[in-house]
Amino acid sequence: MRSSREPLKDDKAGPGERRNPHSLAVISDGAVLNGFLRSTASIRLNGSFQGTIIADHELIIAPQGRVKANVKARRAVIAGVFQGNMAVLEELEIAPTGRFIGKLIQKEPVLRVERGGRFEAESVFVDDLETIVASWGVAPPPPPQRSPGPDESIAVDETKL
Amino acid sequence: MPKDKAYNGEAAGVPTVIGEDAVLEGILRSTAPLHISGTFKGRIIAENEIVISASGRVEAKVKARRAVLAGHFAGDMVVLEEIEIAPTCRFLGTLIQKEPGLIVAKGGRFEGRSVFVDDLDKAMAEW
């Protein structure tokens, strides 16, 4: 597992959006969340999530993570189980323990599957990811910074719902 | 047209080769490793390994034990053990497996569907 990943070299987020790539939104082991999650920081899912995710930076589904969602992510690492639609801008990595079921939508080739990883899905290429994402009819994405706090991460750590 | 060209030799015997300038259409079956650098259209049964090098262009229904793809492939592919999509590869079509054997290197283009079935022979029966 990658608890301390290097920050991405080229963060193309607009000014003010790139505060702290190290900060995390974490859904812990044992936590179950239904809803809409957006973060400009890394999102790490160790528990269960169902809903919609917009990861302006990176989404990591840990080996214990179970995610059923529509996702848009700049980068994603799947070491757990993902089911749904995922639009990826830069790179999608299916780790040996990972399982991806559903549909991958990309503009340029983003897929990387490691030996043992299970990619059971459709992989399509489109010119306009945004249109696809919009067609999911998700709730209007909240602005990345809702409050002028020092850290924009949405901490859902160990929340029991 | 090499039809049912089979080697009875060891798995690591002389490979079947379709060179860069060759264009083939038909049905190819090989028990030896199969290297395609040219153009092939048709159907392939590779009881060993199929390698499509970067210059290779294959449009076919393929059954292979293992596959290493660096060139362009379009069609359906049944893989028993492992399929590797190299960075220069362009895979367009359907991959059919029983157990996860897909490896995609960064930059490799996999466009299509990856499906898992219990009975590979049944999946091929439609061909």
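Visitor: I'd like to start with one residue pair. Which residue in β9(A) does A:I105 stand opposite?

Guide: A:I105 stands opposite A:V124 in β9(A). Keep in mind that this is a predicted model.

Visitor: Fine. How do the two strands β7(A) and β9(A) pair, parallel or antiparallel?

Guide: β7(A) and β9(A) run in the parallel sense, and 8 bridges link them.

Visitor: Which strand joins β7(A) in a parallel pair with 8 bridges?

Guide: That's β6 of chain A, residues 81-94, which is joined to β7 of chain A, residues 99-106.

Visitor: Take A:I78, then. What is A:I78 in contact with, leaving aside its neighbours within four places in sequence?

Guide: You'll find A:I61, A:E93, A:I94, A:A95, A:G98 and A:F100 on the list.

Visitor: How do I tell whether a residue such as A:V26 is buried or exposed?

Guide: Count C-beta neighbours: 20 or more within 10 Å makes a residue buried. A:V26 has 23 of them inside 10 Å, so A:V26 counts as buried. You can find A:V26 in strand β1 of chain A, residues 24-27. Also look at A:R44: A:V26 and A:R44 are 18 residues apart in sequence, yet their C-alpha atoms are 4.8 Å apart in space.

Visitor: Now the two chains together. How many residues does each chain bring to the contact?

Guide: Chain A brings 16 residues and chain B brings 16 residues. On the chain A side, β8 (111-113) and β9 (118-125) are the elements giving two or more residues. β9(A) gives the most, with 8 residues. By type, that side of chain A splits into 7 nonpolar, 3 polar and 6 charged residues.

Visitor: Which strand of chain B does β9(A) pair with?

Guide: With β9 of chain B, residues 109-116, in the antiparallel sense over 2 bridges. Across that pairing, A:S123 stands opposite B:G112.

Visitor: And what is chain B built from?

Guide: Chain B has 9 strands and 1 helix. Along the sequence the pattern reads β-β-β-β-β-β-β-β-β-α. Of its 127 residues, 39% count as buried.

Conventions. Residues numbered from 1 in each chain as written. Chains lettered and ligands numbered in written order. Predicted model: local features only at pLDDT ≥ 70, side-chain atom pairs only at ≥ 80, totals over all residues. Helix = DSSP H or I, 4+ residues; strand = E, 2+ residues; numbered from the N terminus. Buried ≥ 20, exposed ≤ 12 C-beta atoms within 10 Å, placed from the backbone. Contact = placed C-beta atoms within 7 Å. Nonpolar A, V, L, I, M, F, W, Y, C, P; charged D, E, K, R; others polar. Pairing = 2+ DSSP bridges.
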